[in-house]
Amino acid sequence: MTIRPLFLATAAALVLGGCTATVAQEAPQAASAAAPGEKRAKNVILFIGDGMGISTVTAARIYAGQKLGQTGEEYVLPFETFDNVALVKTYNIDAQVPDSAGTASAMHTGVKTDIGVLGYGPGVTEGDCASGMGHAAPMLGEEVKARGLALGIVSTARLTHATPASVYARSVTRDWEADTWIPEDQRGQGCVDIAQQLVEAPFDVALGGGSVAFYGKDKGGRRLDDAADLPSDWEVATGGTYATTLQDMAAAPDDKPLLGLFSLSHMTYMVDREVDSTEPTLTSMTATAIQRLSSDPQGYYLMVESGRIDHGHHEGKAGYALEEAVEFARAIKWAIDNTDPEETLIMVTADHSHVFTIAGYPKRGNPILGLVSNPRDEGPSLAEDGKPYTTLGYANGMGAFEGERPMPETGVKARQQAAIPTKSETHAGEDVALYAQGPGAENVRGVMEQNLIYNVIRKAFGWEE
């Protein structure tokens, strides 16, 4: 395997095609300059709950509390104790309601881009390889390694999926995860598939799903080389350890890079996991990453994504999304308890929201995944059609119906009803929350453009603009 120097370019060398001069909004904002003597962060951890809009945070809070026998409304998620909170505007350059590629790229490049694009500033045409020329944006993952820090990536989605890929990859479309996912008329123009970019990136820890994009036809989805085995190539090139199970991950030597691909595609939903599953949880992957990265004396940057919150919502199954959110909160709690708040900036946010609602007038402590029963009803509240309805629902999605409304499903595996029939529930365009604790958290406040999260991270590390 030829290792291309994807991470050798610095921000100064990336003033290409005017991309660094492009602002993300009409009235540019800027993170506050560090005050003299202000503490700098040795480490930064960015937790991204994919699709974890504010309604999801609220529902997850109630659900987590009710799992502990409380009424739920009074429960406090671990990151809700952080002193610094902001609202974040999530639009893409060309989209009022965004996708994960454009939003995650904004956080990791400092510029907003088009929907579906990774690591390029405005001016590209999605899916057109040649259009990326001159529009590459500087990426945080590159600078982290160029400055001698350790780099970690954790996700319950495929590691080649949009949010984790935003840390290390540039692609004119998020869809080019494997070589044959690049259309034939776009091959040979210099664009490299995302899986290949991952194994060429100098990360220290990368844990998640998605082995399909790393192997030839016998084990995966690569076809240009039937015998392709990118993980083995990576082990030879780096001396690192490739893990496919929780046990492999736990046994990996601490002083070598670690790549873990624990499922063919996305990792298994928490709701569907067997007791004896060999897949690690998000919490165990987060703990492994932090323990390994903490040995670097220069510090580290770690991105942790709960990717399947988003997928549960797309399926219209709120219980699936909320179980993922509870596990996400558990991973955040581990990080809070096992890092020094004097030297580690922890931020928690979402890339975008979903058309997910909490409605009706349910009484205090009403089961969040159940039917609405208001404080004065003896039984479930009834809609105008004489049937009960659930507290949680969607504006669109697979839970829509034709003709007479059926009785709603309840419980953790239920699909909530939706108003508009679509084959997949969609993202929403409202602001998301950003919570921060640690050195540099003071720059998280007010209403922020999403790309300024990149500025906050760099300022926390003490890097000059």
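This is a predicted model: local features need pLDDT of at least 70, side-chain atom pairs count only at pLDDT 80 or more; totals for chains, interfaces and linings use all residues.

User: What makes H1 roughly perpendicular to H10?

Analyst: The axes of helix H1, residues 54–67, and helix H10, residues 318–337, come within 9 Å and cross at roughly 80°. Angles of 65 to 115 degrees count as roughly perpendicular, and that makes H1 roughly perpendicular to H10.

User: Which residues of H1 and H10 meet?

Analyst: From H1 there are Thr56, Ala59, Ala60, Tyr63, Ala64 and Lys67, and they meet Leu322, Glu323, Ala325 and Val326 of H10. Sorted by class, this contact of H1 with H10 holds seven nonpolar, one polar and two charged residues.

User: Why is Asp50 called buried?

Analyst: A residue is buried when its relative accessible area is under 20%, and Asp50 has a relative accessible area of 1%, so it is called buried. Asp50 lies in the loop between strand E1 (43–49) and H1. Not counting residues up to four places away in sequence, Asp50 touches several residues, including Ser100, Thr163, Glu305 and Asp351.

User: How do you know whether Thr163 is buried or exposed?

Analyst: The cut-off for buried is under 20%, and Thr163, at 0% relative accessibility, therefore counts as buried. Thr163 lies in helix H4, residues 162–165, and its contacts, leaving aside neighbours within four places in sequence, include Ile48, Asp50, Ala104 and Met303.

User: Which residues does the UniProt annotation "binding site" cover, and why can they be said to gather at one spot?

Analyst: According to the UniProt record, an unreviewed entry, the annotation "binding site" covers Asp50, His161, Thr163 and Glu305. Although they span 256 residues in sequence, no two of their C-alpha atoms are more than 11.3 Å apart, so they gather at one spot.

User: Which residues have the most contacts inside the largest nonpolar core?

Analyst: The largest nonpolar core has 106 residues, and those with the most contacts inside it are Phe47, Tyr301, Met347 and Val348. H10 gives the most to this core, with 10 residues. Not counting residues up to four places away in sequence, Met347 touches a set of residues, among them Ile45, Phe47, Leu434, Tyr435 and Val456.

User: How many residues are in the second, separate core?

Analyst: That second, separate core has eight residues, including Val117, Val124, Val172 and Ile182.

Key. Residues are numbered from 1 along each chain as its sequence is written. Side-chain values use heavy atoms; hydrogens and water are left out. Axes are lines fitted to C-alpha atoms, for helices over the stretch in contact, and angles run from 0 to 180 degrees between N-to-C directions. Helices (H or I, at least four residues) and strands (E, at least two) are DSSP runs, numbered from the N terminus. Angles under 35 degrees count as roughly parallel, over 145 as roughly antiparallel, 65 to 115 as roughly perpendicular and the rest as oblique. Contact means heavy atoms within 4.5 Å. Ala, Val, Leu, Ile, Met, Phe, Trp, Tyr, Cys and Pro count as nonpolar, Asp, Glu, Lys and Arg as charged, and the others, Gly among them, as polar. A nonpolar core is a set of buried Ala, Val, Leu, Ile, Met, Phe, Trp, Tyr and Cys residues joined through side-chain atoms within 4.5 Å. Buried means under 20% relative accessible area, exposed over 50%, partly exposed in between (1.4 Å probe, protein chains only). UniProt positions are given in the numbering used here, feature names are shortened, and annotations may be inferred rather than shown by experiment.
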